[in-house]
Amino acid sequence: MKKALVAVLAVTFLWACSSDPVKEESKADVEERSASKPGAAPDGSASTPVKPQSITPVTVGLKPEAAVPNILRDPKNILSKRSIFYDYDSDAIKDEYRPMMQAHAKYLADNPNARLLVQGNTDERGGREYNLALGQRRAEVVKRLLVLLGGREPQIESVSLGEEKPRCEANTEDCHGQNRRSDMLHSGEF
Amino acid sequence: MKKFARIALLALLALASAAHAQLSIEITGGGANQIPVAVLQFAGEDQLPASITDIIEADLQRSGRFRLQYSGGVGVPPTEASQVNFTEWRNRSTDAMVIGAVQRLQDGRFEVRFRLLDVPRQSQLLGLGFTMTAAQLRLTGHKIADAIYEKLTGERGVFSTRIAYVVRQSGRFELRIADADGQNAQAALASREPIISPSWSPDGTRLAYVSFENKKAVVYQHSLATGQRQVVANFRGSNSAPSWSPDGRQLAVVLSRDGGSQLYLINADGTNVRRLTQNRSIDTEPVFTPDGQSIYFTSDRGGSPQIYRMAVNGGDAQRITFEGSYNVSPRVSADGKTLVYVSRNGSNFQLASLDLSSRQVQILTDTQRDESPSFAPNGRMILYATDIGGRGVLAAVSVDGRVRHRLSVQAADVREPAWGPFVGN
């Protein structure tokens with residue numbers, strides 16, 4: 001096939017160089033890219049069959065969520081609080097989040113089989129992959145603090161959603177502030 | 001002169017058929033070098049579900065390299081050079097013209113034959129034939145436009161290549177594959193969670209991308225024809241920013257499995273993980289140079305995100321961008337001579353190009369929230385995502401910044417474009 005194409009290009013190059021005025025042309029000088037094509041054209045010559053570009057679509061779904069202990073969902077319990085919000089371009093955890101993080105770290109220490117997923121997020125400004133890395137940095141700081149406070153390292157995975165899962169979609173500073181956050185998900189929630 | 005070219009173009013667009021209606025092209029300063037071309041209606045093309053000459057015209061137009069001439073008022077369209085009134089076309093200042101014919105074959109397929117004529121010399125530059133099904137109308141039109149483009153410019157055309165992009169619509173994400181003009185889109189993957197960073201394998205059969213379907217970033221590779229998917233990287237932490245090596249055997253990726261976001265190489269089947277960078281900064285968005293010997297990437301090791309280059313086996317990195325405090329998302333042209341990236345200017349994010357030998361930097365766009373640039377395989381145009389009126393759209397700009405247009409993708413929110421490679425016929 002490649003050879004045929006090279007031959008074809010060579011022929012067209014010759015045509016390009018020729019400056020003879022057109023006299024009588026026959027259909028025969030329409031160039032043929034494939035010599036052995038089935039299905040004859042009206043004038044008996046062949047033309048290039050166009051190859052199909054098929055695509056098989058795939059749909060992926062979410063796994064159903066498993067049961068989560070009530071203590072983690074009770075709005076009166078501090079463990080129901082899961083989010084840490086950040087200043088612009090910062091991964092520093094403000095003091096106000098310390099009691100909440102202590103509670104989650106204690107829960108992990110008390111429940112050795114419990115697992116926690118920390119998801120770091122950013123606002124929408126800037127590149128998606130760079131934001132993914134910034135969100136990762138936020139999540140890793142959260143994980144380090146949880147380990148310092150008593151959680152065990154293998155219980156905690158820190159990941160990033162970058163700018164991909166905004167809580168708020170307007171292009172305002174208030175919205176950006178809601179999106180610069182880390183969320184903690186317990187076993188059964190991820 | 002520039003103004004005149006624009007008015008002429010607008011007039012031309014006004015004359016163009018409904019198929020062009022969604023297209024908005026802005027050409028600045030490129031007019032003087034445009035080749036005047038007339039594409040005459042192909043005899044018998046009314047048997048097709050849509051006009052193939054409209055597709056060819058729109059392709060040539062979008063490239064910014066041609067001035068398409070009004071081709072009506074010729075009566076019965078000629079199918080042979082001998083039927084062409086060359087004097088009339090020379091008086092219309094036409095340099096090149098395209099004539100052709102469509103015939104239905106007995107098996108229901110169509111044969112499309114065309115000739116590209118040199119008007120001043122009254123000679124044929126090219127004559128080709130294609131057999132196609134009605135469903136291959138657009139692809140065939142793109143192939144004809146490619147042949148014309150190559151003959152007249154000396155460079156390969158990209159009209160028959162494909163693009164990938166991600167659409168977010170009513171809480172769903174779709175990875176779609178479309179023609180280079182954004183038409184003829186088909187979903188390759190649908191998910192309730194985000195999909196980012198699609199990257200074409202060098203042979204154009206597979207895409208690598210990041211999917212969040214498991215509530216974290218996992219790198220997959222996906223064979224388009226079969227729909228078969230394979231996990232490339234699903235380590236603890238985030239797995240992202242896949243980029244194929246030119247030989248298609250391995251990918252550069254970003255993993256956080258050892259802490260921080262760092263560069264790694266990994267075989268396409270997920271084996272043989274090798275760490276490339278070892279530091280406490282963010283290293284991300286690796287891309288191979290065309291020779292496969294080096295990697296450009298984004299790093300904040302100097303305090304702000306900038307673009308660096310390092311050997312493919314790791315080692316010292318050399319800083320590449322110096323202007324501005326935020327330069328991300330590097331992409332290298334196929335000839336390795338130009339780097340494009342996203343640069344922050346004030347509160348705007350715009351595409352910039354860097355000539356790697358002269359070090360000249362040029363801002364290419366006038367949009368404000370540019371992301372994810374992607375070179376056409378011939379290096380002429382750059383596809384990117386931007387935001388217009390709060391909606392994600394795809395746009396393209398020529399590497400010299402002179403030709404700009406938006407792609408007509410019918411979807412609520414479009415992002416993450418990736419221009420596919422050349423594929424052989």
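The contact between the two chains takes 51 residues from chain A and 69 residues from chain B, where two residues are in contact if their C-beta atoms, placed from the backbone, lie within 7 Å. On the side of chain A that touches chain B, the elements giving two or more residues are α1 (2-17), β1 (48-49), β2, α3 (128-148) and β5 (156-162) of chain A. Of these, α3(A) gives the most, with 8 residues. Elements here are DSSP runs numbered from the N terminus, helices being H or I with at least four residues and strands E with at least two. By class, this side of chain A divides into 21 nonpolar, 16 polar and 14 charged residues. Ala, Val, Leu, Ile, Met, Phe, Trp, Tyr, Cys and Pro count as nonpolar, Asp, Glu, Lys and Arg as charged, and the others, Gly among them, as polar.

This is a predicted model, in which local features need pLDDT of at least 70, side-chain atom pairs count only at pLDDT 80 or more, and totals for chains, interfaces and linings use all residues. Residues are numbered from 1 along each chain as its sequence is written, and chains are lettered from A and ligands numbered from 1 in the order in which they are written.

Chain A has 4 helices and 6 strands. From the N terminus on, its elements run α-β-β-β-α-β-α-β-α-β. Of the 190 residues in chain A, 29% are buried; a residue is buried if 20 or more other C-beta atoms lie within 10 Å of its own, exposed if 12 or fewer, and partly exposed in between, with C-beta atoms placed from the backbone. Among the contacts in chain A with a separation of 6 or more, 66% are between residues 24 or more positions apart.

Strand pairing also links the two chains. Two strands pair if DSSP finds at least two bridges between them. β1(A) pairs with strand β6 (residues 123-132) of chain B in the parallel sense, over 2 bridges, and Thr48(A) stands opposite Phe130(B) in β6(B). β2(A) is joined by 3 bridges to strand β9 (residues 186-191) of chain B, and these two run parallel. Within that pairing, Ser191(B) is the bridge partner of Val60(A).

β2(A) belongs to an open sheet of 5 strands in the order β2(A)-β9(B)-β8(B)-β7(B)-β30(B), with mixed pairing. Its edge strands, each pairing on one side only, are β2 (58-60) of chain A and β30 (413-419) of chain B. Neighbouring strands of this sheet are turned by 20° against each other on average, direction ignored. Such angles run from 0 to 180 degrees between N-to-C directions, and axes are lines fitted to C-alpha atoms, for helices over the stretch in contact.

Back in chain A, strand β4 (residues 116-121) pairs with β5(A) in the parallel sense over 6 bridges. Leu116(A) has Ile156(A) in β5(A) as its bridge partner. In a regular strand the side chains alternate between the two faces of the sheet. Both faces of β5(A) are covered: Ile156(A), Ser158(A), Ser160(A) and Gly162(A) are buried on one side, and Glu157(A), Val159(A) and Leu161(A) on the other. Because 7 of its 7 residues are buried, β5(A) is largely enclosed by the rest of the structure.

Helix α2 (residues 52-63) and helix α4 (residues 137-153) of chain B pack at an angle of about 50°, with their axes 8 Å apart. That makes α2(B) oblique to α4(B), as angles under 35 degrees count as roughly parallel, over 145 as roughly antiparallel, 65 to 115 as roughly perpendicular and the rest as oblique. By class, the contact has 9 nonpolar, 4 polar and 2 charged residues.

Two strand residues of chain B complete the tour. Ala208(B), in strand β11 (residues 206-211), is buried, with 24 other C-beta atoms within 10 Å. Beyond its neighbours within four places in sequence, Ala208(B) is in contact with residues including Val219(B), Pro242(B) and Trp244(B). Val253(B), in strand β15 (residues 250-255), is buried with 27 other C-beta atoms within 10 Å. With neighbours within four places in sequence left aside, the contacts of Val253(B) include Val219(B), Pro242(B) and Tyr264(B).
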